[in-house]
Amino acid sequence: MARKTKKPSESAAPAVQLTAKDKKTLGSIQSLADEVVQSADRGRAPHVEIPSRSLSNVRFNQSKRIIEMGSGTNRRELFNLNQAKSYMQTLLVGSGAKQLIDQGKTTSIRGLFYLLKHTIPGTGEETFATQDECDPIIEDVEVALDSMREELHLYAKNAGAMVGPITLIDSGDEIDCSRMGSGGYSIPSIVEPEIVQYKKNTARFVLHVEKDTVWRRFNEDKFWRKHNCILTHGGGQPPRGVRRMLHRLHYELKLPVYCLLDNDPWGYYIYSVIKQGSINLAYESRRMAIPAARFLGLRSNDYVRCQLTPSVQIKLNEQDIKRAKQIAQYPWFASKKPWQREIEMMLRNGFKLEVEALISKDVSYVTEQYAPARLAEENFLD
Amino acid sequence: MAENDKHPRRRATAESMAATQRDISVSEFFAKNRHLLGFDNPRKALLTAVKEAVDNSLDACEEAGIIPELWVHMEAAGTNRFKVGIQDNGPGIVRKQIPLIFGKLLYGSKFHRLRMSRGQQGIGISAAGMYGMLTTGKPVKIISITSLKKPAHYFEIQIDTKRNQPEIVNGRGEGEEIPSGDKGQRYIAEHGIEWVSHYPTPDEHSPHHKEVRSGTRVTIELEGRYVRGRGSVDDYLEQTAIANPHVTIHYIDPDNHETTYARSTGQLPPEPREIKPHPYGIELGRLVTMLKDTTGGTMAQFLTDSFSRVSPGVAKQICDAAKISTRANPKRIGRQEADALYQAIQNTKISAPATDCISPIGEPLILKGLHQQVPGEFFCAATRPPAVYRGNPFLIEVGLAYGGSSPTQKVSLETLTDLLSESDARSVRQFLLTTFDGIGAAGAERIMAEARMGARQSPSKLKKEEIALLHGAMKNVNLSEGQSMQVLRYANRVPLQFQPAACAITQSVIANNWRSYGLSQSRGQLPSGPVTIMVHMASVWVPFTSESKEAIASYPEVTKELRLGLQAVGRKLAMYLNQRKRVQQEGERREIFLRYLGEVATAVSSIKGYGEGKKKDLYGQLLDVAKRKTAVADTQLDDRGRKKAEPVAEDFGENVLIVDVEQHGQENKETV
């Protein structure tokens with residue numbers, strides 16, 4: 001009888017194909033290590049220059065209209081009592097990233113934490129005690145090596161969904177976003193051109209909403225089909241994946257981006273992050289910020305325009321007022337009169353409005369009346 | 001009849017009461033009030049007897065300019081009875097004086113003069129003899145030799161308490177004369193008289209040759225209780241050795257163990273001068289007596305002769321203020337005039353007394369003395385300049401020892417077993433607290449937790465394994481945290497053993513803020529830490545709170561000086577503790593770097609794809625850089641790579657002794 005023996009694959013995993021990006025990242029990591037070797041050779045203390053991510057080193061670039069990081073750096077040395085541990089951790093993250101790249105795998109930031117966590121031989125101390133120690137180091141490495149997290153083969157959680165008349169290829173699979181049912185295509189956290197490529201697109205613009213519940217409304221009413229747009233949401237403050245996707249849609253496919261967010265300071269802030277970038281990820285602004293994004297609503301004057309009732313008002317609390325004033329001071333809002341008026345009006349109203357408030361008029365008021373009207377009027381805030 | 005009596009029946013009349021009233025002699029009074037002299041209970045009595053004899057011996061030797069050598073011999077003589085013999089190598093006592101000194105209360109050389117000395121009133125030794133007689137019926141035995149060429153004298157004496165006179169019991173009321181030379185030796189041996197005739201092997205500091213040339217030995221048999229630990233004879237002798245580094249004491253305890261407290265210097269302290277009283281310190285009554293007794297013919301003479309710091313000019317000022325002629329006869333001064341004189345003295349400006357009448361121990365000897373007896377790594381001392389209270393000159397000296405192991409860690413298993421069986425403490429915890437100095441409640445708790453001992457166990461009923469467990473726990477538990485400061489109090493070089501709470505010294509130590517010097521301290525308590533502090537008050541007249549000379553009274557001038565002295569040593573301690581912390585931190589620094597170097601080398605090697613060899617090289621290189629970066633720590637690591645407690649750039653100033661106990665046994669480094 002013929003025996004079917006299946007030999008276990010003797011060879012190791014198939015050879016990993018390094019992309020150009022990977023090679024570049026590897027190069028940066030190597031130079032990090034080289035610095036140590038050279039310093040040790042010359043008998044000097046090794047160090048790494050990490051661009052400073054504090055507010056003092058962040059600037060609003062007027063011409064590019066994005067938040068940019070300045071040139072300030074912090075020096076992290078091995079032979080400094082306060083920095084020795086974080087220096088060591090920085091190098092560990094570098095070596096961890098190299099390992100991932102070499103293996104052609106990605107992992108979450110928590111995964112990297114577990115990969116690098118161990119007891120230092122000869123002591124009772126752990127390299128990383130908690131993930132909270134590890135995350136900032138990962139960010140440090142990102143800025144120091146000028147590589148995005150994804151380039152280090154680290155991903156964050158998925159959040160956000162997308163539907164629309166666009167077909168794309170994700171890790172080799174073809175995705176038709178017009179046929180993603182009620183759930184939509186879950187936007188991955190790494191949407192680099194190596195992973196995600198655009199195949200075919202007939203959409204004319206992108207509508208980005210804040211919450212997934214609002215998105216569902218639009219999806220159920222097939223708004224995107226009627227108006228030929230791509231519909232995305234970020235689940236609140238949009239994560240890097242969503243922002244990157246929007247950025248690519250805007251720049252590669254030349255699609256304008258409109259935002260439909262709540263009428264409150266948080267909504268304004270989300271808009272500002274999409275538009276200008278965030279302080280925390282200032283080094284990413286040029287890859288994620290969309291200065292040409294537009295604010296569709298909800299606006300402070302919509303209360304009157306849509307004839308809403310007092311029952312949908314939510315009173316502004318102390319924090320809201322403080323936040324609103326703060327946002328009004330942001331350099332990218334301070335110079336814009338319409339925005340100043342908008343924020344002033346909200347403060348004068350004394351209340352905030354969620355997009356769902358429009359449901360009090362009609363369940364589909366937002367998709368059938370509100371949004372189409374605003375789009376037709378081309379009445380946006382910049 | 002009875003019902004018609006207007007007054008209740010009188011029990012006695014004034015006359016019948018008068019018939020029973022009579023003189024009470026001093027010795028009768030003290031016989032009935034023993035507690036005033038320190039003979040309240042058997043334990044204290046034993047200690048007081050030894051103390052009085054030792055005080056006298058030391059004073060006599062120093063006055064004669066002889067380097068003191070003492071023998072203290074304690075023997076059990078029945079239940080609760082001890083025979084105590086103290087011998088010195090002093091000048092000896094002449095025949096005529098011996099009965100008076102030992103058999104008459106309030107007889108002595110020190111009462112009438114103002115001079116720094118240990119005994120202040122001349123009660124001490126005769127009271128001890130009296131106590132011995134009262135409790136055992138045995139007389140005091142004294143043998144004294146003034147020179148090898150002259151005969152020695154041996155007396156057995158009792159006090160006639162009614163008349164305050166000595167009664168000689170031996171030699172048909174005359175005492176015995178012992179011929180000198182070999183005949184004398186045989187006599188001594190035959191009659192069972194105790195006497196140590198030869199010195200043990202001389203040490204580097206001893207100028208004495210083989211034979212004891214002169215001295216006195218007093219033997220008293222009395223009721224007492226022998227304990228070890230706090231308030232014991234052993235403690236007292238050890239503390240005496242600390243404050244008197246020129247003395248050697250040979251001590252044989254009731255268990256026949258011999259301990260020698262060897263001297264650490266061959267120099268006698270400088271001789272204190274006698275001074276005349278200062279006018280400010282004199283009370284009215286005394287003034288009146290002095291006026292009556294003076295030999296000076298005129299008031300001016302009386303004032304300049306009887307007092308210190310009174311010149312003819314000052315005398316005139318006083319007389320003018322009192323409206324008395326300088327030529328007046330002192331014996332004719334009446335009460336009112338004496339009063340005016342007293343007021344005038346208080347109001348006249350008179351300069352402070354000369355202070356060369358006090359001889360301090362001095363900082364170098366304090367350091368030596370402490371170092372000899374107390375374990376520690378850091379010693380410092382401060383002697384305050386002399387000051388004055390109520391016309392009496394005095395000065396304060398402070399010595400501090402820090403570090404070393406606590407007394408509990410030094411105890412051997414046998415000693416512990418002995419201590420436990422002797423103790424009358426009701427629980428082990430109490431036993432620990434009372435027997436050993438410097439354990440706080442927390443320290444006792446820790447020892448008991450380590451030894452798994454219950455709170456209610458009685459110390460005398462512990463089994464062998466339990467004792468062994470306790471001993472192990474005591475050795476292991478490092479009490480530095482729980483240990484409280486040990487305070488040794490001295491007045492005129494005599495250790496004070498009792499009533500610490502009432503003493504100005506303890507009160508000043510507690511009131512001092514030790515937190516600012518690096519020790520932890522709860523409010524109203526002694527600070528904690530492995531610290532021993534010794535405080536010495538030297539004065540022509542030490543102010544005690546009571547007759548038993550156990551605690552020093554808190555005059556404001558005295559408390560002020562105490563405070564300043566404590567602060568002086570506190571500052572030095574703070575410097576030492578800071579420096580120690582720094583050295584520790586430097587050491588930790590290097591350790592931190594070393595820890596991470598390995599990781600860094602590994603990470604880099606994995607990035608660069610290094611093999612083991614290259615990784616080791618890289619590690620070595622980084623190590624070199626680390627060494628250079630932590631060069632400071634290097635200068636403090638000795639050739640064996642362990643830490644030294646050596647001050648690098650620290651200037652402790654004078655009078656500090658830092659001991660490196662870890663390496664090479666006891667290597668001293670003195671910074672002066």
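How many residues does the contact take from chain B, and how many from chain A? Chain B gives 21 residues and chain A gives 31 residues. Keep in mind that this is a predicted model.

Chain B has 672 residues, and 51% of them count as buried. Its secondary structure comes to 21 helices and 17 strands. Now take the contacts within chain B between residues at least 6 apart in sequence. Of these, 70% join residues at least 24 apart. The accessible surface of chain B is about 32100 Å². Carbon and sulfur atoms account for 49% of that surface.

Next, the interface. The size of an interface is often given as the accessible area lost when the parts come together. Here, chain B and chain A bury about 2300 Å² between them. Carbon and sulfur atoms give 73% of that buried area. Which residues of chain B lose the most area to chain A? They are B:Tyr596, B:Glu599 and B:Ile607. Together they make up 31% of what that side buries.

Now the polar side of the story. Four residue pairs are in polar contact across the interface, both residues at pLDDT 80 or more. There is one salt bridge between the two chains. A:Asp34 pairs with B:Lys608 in that salt bridge, and their closest N and O atoms are 2.2 Å apart.

Where does the chain B side come from? Helices α19 (556-608) and α20 (612-629) of chain B each supply at least two residues. The largest share, 13 residues, comes from α19(B). By type, the chain B side divides into 13 nonpolar, two polar and six charged residues.

How values were computed: Residues numbered from 1 in each chain as written. Chains lettered and ligands numbered in written order. Predicted model: local features only at pLDDT ≥ 70, side-chain atom pairs only at ≥ 80, totals over all residues. Heavy atoms only, no water. Contact = heavy atoms within 4.5 Å. Buried area = accessible area lost by both parts, 1.4 Å probe. Salt bridge = Lys/Arg side-chain N within 4 Å of Asp/Glu carboxyl O. Polar contact = N/O pair within 3.5 Å; in protein donor to acceptor, adjacent residues only side chain to side chain. Helix = DSSP H or I, 4+ residues; strand = E, 2+ residues; numbered from the N terminus. Nonpolar A, V, L, I, M, F, W, Y, C, P; charged D, E, K, R; others polar. Buried < 20%, exposed > 50% of the residue type's maximum accessible area, 1.4 Å probe, protein only. Areas by Shrake-Rupley, 256 points an atom, 1.4 Å probe, with all protein chains shown as cover.
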